[in-house]
Amino acid sequence: MKSIIDTIGRLAAVLASLVTSTTALALEPVQVAPDVYAFPGDNSEVSQFGHAANSGFIVGPHAVVVIDTGGSYAHGRAMLAAIATVTRRPVGLVIITHAVQDFVFGAAAFTELGIPLLAHRKTDELMSARCEHCLANLRKALGEAPMLGTRLVLPNQLVDHGTRIDGGGRPIELLHFGWASTPGDLAVYDPRSGILFAGGIVMGSRIPELRDGEFNGWLAAIASLFALKPAKVIPAYGPILHARDMGKTADYLRDLDAKVRGMYTAGRGLMEAMDEAVMERYASWSQYPDLHRRNVLRRYLQLEVEDLER
């Protein structure tokens with residue numbers, strides 16, 4: 001009898017923990033412009049409930065457009081609750097800007113309500129190829145409770161290029177400049193307010209990751225965003241930026257290339273480059289110790305490939 005009581009007690013404690021964990025996340029929308037809001041993330045590597053990255057929404061005359069969904073079902077649910085405090089208009093569309101775990105796994109909270117999910121075709125392909133594996137890793141890192149209800153949902157609306165869409169009665173521009181931080185990068189621009197959701201193309205005080213990036217295409221995409229002259233920029237991670245600060249992501253990429261290229265040309269080995277390619281200017285940025293070292297590795301290997309292709 002005692003063992004049964006103990007088992008029931010443990011189950012009750014687990015259930016209580018699950019309830020607490022899945023309801024603990026509350027998001028507060030930050031107004032960036034009239035009818036444009038952001039949910040700033042905490043800019044960490046892996047955040048409980050998947051709240052590392054930025055997301056947001058635009059309120060149109062008839063419906064709301066959501067940009068990115070966070071890294072968990074709980075995050076998506078918290079977004080819906082927070083949006084309801086701002087407007088009674090329904091969410092009419094969710095846009096996924098790129099296939100990285102911090103942006104895609106809240107989607108189930110929206111699609112279970114019948115809300116369509118839009119992304120670039122290349123983002124859909126990348127999500128299909130690897131996001132189940134990413135989800136398994138998140139569960140290991142965070143535990144089951146924060147990820148309760150989280151599952152991979154693939155987009156049901158695809159675009160192959162930049163286009164203008166009707167965002168609940170408000171024109172919204174989807175911008176695709178080719179392969180940049182990922183093959184399917186979309187930026188979302190609201191012409192009425194001048195607010196740019198830059199997706200993975202721009203980082204705020206965070207080291208950009210080269211894992212899926214095309215180096216020159218990424219620099220070209222940042223240059224194209226500058227041409228818009230946006231009023232404010234919501235990057236993938238970090239604080240909301242003035243347009244001029246988009247250039248800091250490009251600065252890092254160029255400085256990384258110069259540092260690694262110099263060592264490669266001098267005949268330094270890969271391990272030497274990884275150990276010695278220190279860039280103090282960026283040492284205070286989030287994820288510098290891990291991502292910068294990986295970026296040195298990837299840029300070095302890219303230079304080797306470029307040599308072989310000559």
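In the predicted model, a search of the whole structure gives two cavities of 30 Å³ or more. The volume of the largest cavity is about 60 Å³. Its lining is made up of 13 residues, and N54, D68, F197, I234 and P235 lie nearest the centre. Two or more lining residues come from each of the elements β3 (55-59), β11 (195-199) and β12 (232-235). Strand β11 supplies the largest share, three residues. By residue class, the lining of the largest cavity comprises seven nonpolar, five polar and one charged.

The structure contains 22 salt bridges. One of them joins E112 to R77, with 3.7 Å between the closest N and O atoms. This pair connects distant parts of the chain, 35 residues apart: E112 is in the loop between α4 (107-111) and β6 (117-120), and R77 is in helix α2 (residues 73-86). E112 is partly exposed at a relative accessible area of 42%, and R77 is partly exposed at 40%.

Another salt bridge is formed by D257 and R261, where the closest N and O atoms are 3.1 Å apart. Both residues belong to helix α7 (residues 247-265) and are separated by four residues, about one turn of the helix. D257 counts as buried because its relative accessible area is 14%, under the 20% cut-off. R261, by contrast, is partly exposed, with 30% relative accessibility.

R268 and E272 also form a salt bridge through their side chains, at 3.5 Å from N to O. R268 is partly exposed, with a relative accessibility of 28%, and E272 is partly exposed at 34%.

Note on methods: Residues numbered from 1 in each chain as written. Predicted model: local features only at pLDDT ≥ 70, side-chain atom pairs only at ≥ 80, totals over all residues. Heavy atoms only, no water. 1 Å grid on protein atoms, 1.4 Å probe; cavity = no way out; pocket = protein on both sides within 12 Å on 5 of 7 lines; lining within 4 Å. Points joined across faces, edges and corners; volume = space filled by probe spheres on them. Nonpolar A, V, L, I, M, F, W, Y, C, P; charged D, E, K, R; others polar. Salt bridge = Lys/Arg side-chain N within 4 Å of Asp/Glu carboxyl O. Buried < 20%, exposed > 50% of the residue type's maximum accessible area, 1.4 Å probe, protein only.
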